[in-house]
Amino acid sequence: YENQAVRVPSLLRSLKILIESEPDLVLVSSPGPVGCLGLLLSQILGIPAHGIYHTDFGFQARQISGDERLAGLVDAGQRWFYGRCEVLRVPSLAYMERLAAQGYPRERMRPFRRGLDTALFSPQEGARERVKLRWDLQGGTNLLYAGRVSLDKNMPFLANLFETLSEERGDLNLLVAGDGPWLKGMQASL
């Protein structure tokens, strides 16, 4: 009970600060504790909540645990969470169709455009050369994966694809920038 007693005042302080900021819209990125706080805030203030669907947690649960019942619970919780959002931003048209087939309202979905502002995020002079030296890249084409290294990201597919392409083209390099539960498996597979 002591831990719960500490968390409730923190939650109430967080809500107070958020309410005082007088938001017009709540944007939730994940159905975790902070996302649920955002949904609660939208309900208290009577303002819309928009969700960003960027991770298939049910699929992750299937991949990691192999337990279909657990994955079903995760899917149901995710559907409940995103069902409270007026707009659901989705990373691709394929995911829109997939989610619609799972019962998510298609009319609420909008594409979530991703990208990189190359004016703001541009490599410093000499960055390419430093990377080539650091990783002993001998030329050719460099492929980069940047993200969490886990089975739900289908890293075995990437490893197999790289091996297949390397057989056809001997000048490929694969750089994996990230960490995660399958890093050792990725290293072993390559």
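Helices (H or I, at least four residues) and strands (E, at least two) are DSSP runs, numbered from the N terminus. Glu 107 sits in the loop between helix H5 (93-101) and strand E4 (109-111). The model is predicted: local features need pLDDT of at least 70, side-chain atom pairs count only at pLDDT 80 or more, and totals for chains, interfaces and linings use all residues. Residues are numbered from 1 along each chain as its sequence is written, and side-chain values use heavy atoms, with hydrogens and water left out.

Glu 107 counts as exposed because its relative accessibility is 61% (buried means under 20% relative accessible area, exposed over 50%, partly exposed in between; 1.4 Å probe, protein chains only). Its C-alpha atom is separated by 9.3 Å from that of Leu 88, 19 residues apart along the chain.

Helix H3 (residues 57-65) packs with helix H4 (residues 68-83) at an angle of about 165 degrees, and the axes are 8 Å apart. H3 is therefore roughly antiparallel to H4 (angles under 35 degrees count as roughly parallel, over 145 as roughly antiparallel, 65 to 115 as roughly perpendicular and the rest as oblique). Axes are lines fitted to C-alpha atoms, for helices over the stretch in contact, and angles run from 0 to 180 degrees between N-to-C directions.

A salt bridge is a side-chain nitrogen of Lys or Arg within 4 Å of a carboxyl oxygen of Asp or Glu. The count comes to seven salt bridges. One of them joins the side chains of Asp 56 and Arg 98 (2.9 Å, N to O). Asp 56 lies in the loop between strand E2 (49-52) and H3, and Arg 98 in helix H5, so the pair ties together parts that are 42 residues apart in sequence. Asp 56 is buried at 10% relative accessibility. Arg 98 is partly exposed at 36%.

Arg 62 forms a salt bridge with Asp 75, and their closest N and O atoms are 2.7 Å apart. Arg 62 belongs to helix H3 and Asp 75 to helix H4, so this pair ties together parts that are 13 residues apart in sequence. Arg 62 is partly exposed, at 29% relative accessibility, whereas Asp 75 is buried, at 14%. A network of salt bridges links Arg 62, Glu 68 and Asp 75.

The side chains of Arg 69 and Asp 67 also meet in a salt bridge (4.0 Å, N to O). Arg 69 is exposed, with 70% relative accessibility. Asp 67 is partly exposed, with 29%.
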